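Subject: Structure handover and findings

Dear colleague,

I am handing over the structure below, together with an account of what was found in it. Please keep it open beside this message as you read.

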Amino acid sequence: MPIVVDPDLTVVEKLRATLPPGGHSVDSTDALMSWLRNRSEEYVVVLGPGVPLGQALEVAEGLRIERPTTSTVLVREQVDTEILTKAMHAGMREVVVEGDTLALSSAIERAYQLYIALRGPTGASRHGKIVAVFSPKGGVGKTTVSVNLALALADKGARQVCLVDLDLAFGDVAITMQLFPSHSIEHAIGAENALDASIVDPLLTRHADSLMVLAAPSMPDARDRVTPALVSRMLRTLQQQFDFVVVDTAPNFDEQTLTALDEVDECIIVATLDVPTLKNVKVALETMDALSIALDRRHLLLNRADEAVGISASKVETILGMEIAASIASSLDIAASTNAGKPIVIANPEHQASEIFRQLAQGLIDEPDAPVGAVPTKDEGVEQDKNARRFRRRK
């Protein structure tokens, strides 16, 4: 994805408006190098007019040797022969005059084409992680979990995250986040065999908190026209562009959901403390076993976990035959923040649910044996579990 470097936030916003969705920005070349250190998929760096020429040339020279697949594009208020000569010698791909949005867009597109050409047909390898949030029963808070987990993973832009609403008939991700997308996955119908970043990027909608969203169709009848092949190709294309792809699935085993579950790296199963939901989750787990879906990559999240209803966490584990990775107690704060269009991790970062979502995110990011959930305290109606629940990572 593109990354913009400039100390002036106003300039950054103008430059990012020209770039494809999913780009990032930093305010210095030092921050740029830290960002690139663990990200091999960035295909172009746009060095804004606020970056001193000497620093810009130094960055271009270093990337030319160390990362030949990453192009550098220099943006200047004025361009003369001296600047062009120095840029060429340093290895800049292109130099663009500030304000020439068409030239910058074209330069970005050429950088992407060069990236693909240099990497080869197999070069754009799978690198992002696909995380599905699934429940066989509606109304358990699956979308709330998906949204908050995606925002926790994005962590103010520290990682590139895309949230996919795959509840194709009645998806609520956009309305939950108060987004009004002009495009959705429906607009990729028919492009299964040609799908790539250039087609996918315009379909994404940016959320203010550094998160991209692929919305569900606006009308339920589009569901039958979204083929399993499109779902598979879409997720794999997004996986090449983002660190994490969080998929909010439909509450059933339709063809599109089964296809998505076949692609996942991790699957979070959402359940609540009521007999009908636990029965459905038990059947769903047995079905997933029979189909070999997400074996050893399933993680149980217990939502609205109030033992006052008569079912304990330990009994849930016995019924379902798996440990609880995280428990979230019932809270009016969560519902209120959702209704206000500001998910709990944004509206109240100090809330215990926010902390649990951050722990879930951290468990998915980099620590195989790190605790990824905390059972709510006694004050919230559930006893503290002395044994920290842990994610099991696929070997």
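Which exposed residues does the face of α11 turned away from its buried side carry? They are Val275 and Ala290, and since the model is a predicted one, this and everything that follows should be read as computed from predicted coordinates.

To stay with that helix for a moment, α11 covers residues 275-290, which makes 16 residues, and it reaches 23 Å from its first C-alpha to its last, close to the 22 Å expected at 1.5 Å a residue. Its buried residues are Thr277, Leu278, Val281, Ala284, Leu285 and Met288. Seen down the axis of α11, these buried residues fall within an arc of 120°, so they line one face of the helix. The elements that cover them include the strands β6 (129-134), β11 (266-272) and β12 (298-303), as well as the helix α12 (313-320). After α11 comes Ser292, whose phi is positive, near 55°.

As for the chain in general, it holds 15 helices and 15 strands, and buried residues make up 53% of its 395 residues.

One of the sheets is open and is formed by five strands in the order β2-β1-β3-β4-β5, with parallel pairing. Its edge strands are β2 (24-26) and β5 (94-97), each of which pairs on one side only, and the twist averages 25° from one strand to the next. Within this sheet, β1 (residues 2-5) is joined to β2 by three bridges, the two strands running parallel, and Val5 has Val26 of β2 as its bridge partner. Helix α2 (residues 29-37) packs on the sheet, where it touches β1, β2 and β3 (44-47), and its direction makes about 160° with that of β1.

Which strands does β7 pair with? Strand β9 (residues 211-214) is joined to β7 by four bridges and runs parallel to it, with Val213 of β9 as the bridge partner of Leu163. Strand β10 (residues 244-249) also pairs with β7 in the parallel sense, over six bridges, and there Val245 is the bridge partner of Cys162.

Finally, a word on the cysteines. Cys162, at 0% relative accessibility, counts as buried, and Cys267, with a relative accessible area of 0%, is buried as well. A disulfide is a covalent bond between the sulfur atoms of two cysteines, and how many of them does the structure hold? The count is zero disulfides.

With kind regards

How values were computed
Residues numbered from 1 in each chain as written. Predicted model: local features only at pLDDT ≥ 70, side-chain atom pairs only at ≥ 80, totals over all residues. Heavy atoms only, no water. Pairing = 2+ DSSP bridges. Axes fitted to C-alpha atoms, helices over the stretch in contact; angles between N-to-C directions. Contact = heavy atoms within 4.5 Å. Expected span 1.5 Å × (residues − 1). Buried < 20%, exposed > 50% of the residue type's maximum accessible area, 1.4 Å probe, protein only. Arc of directions from axis to C-beta. Disulfide = S-S within 2.5 Å.
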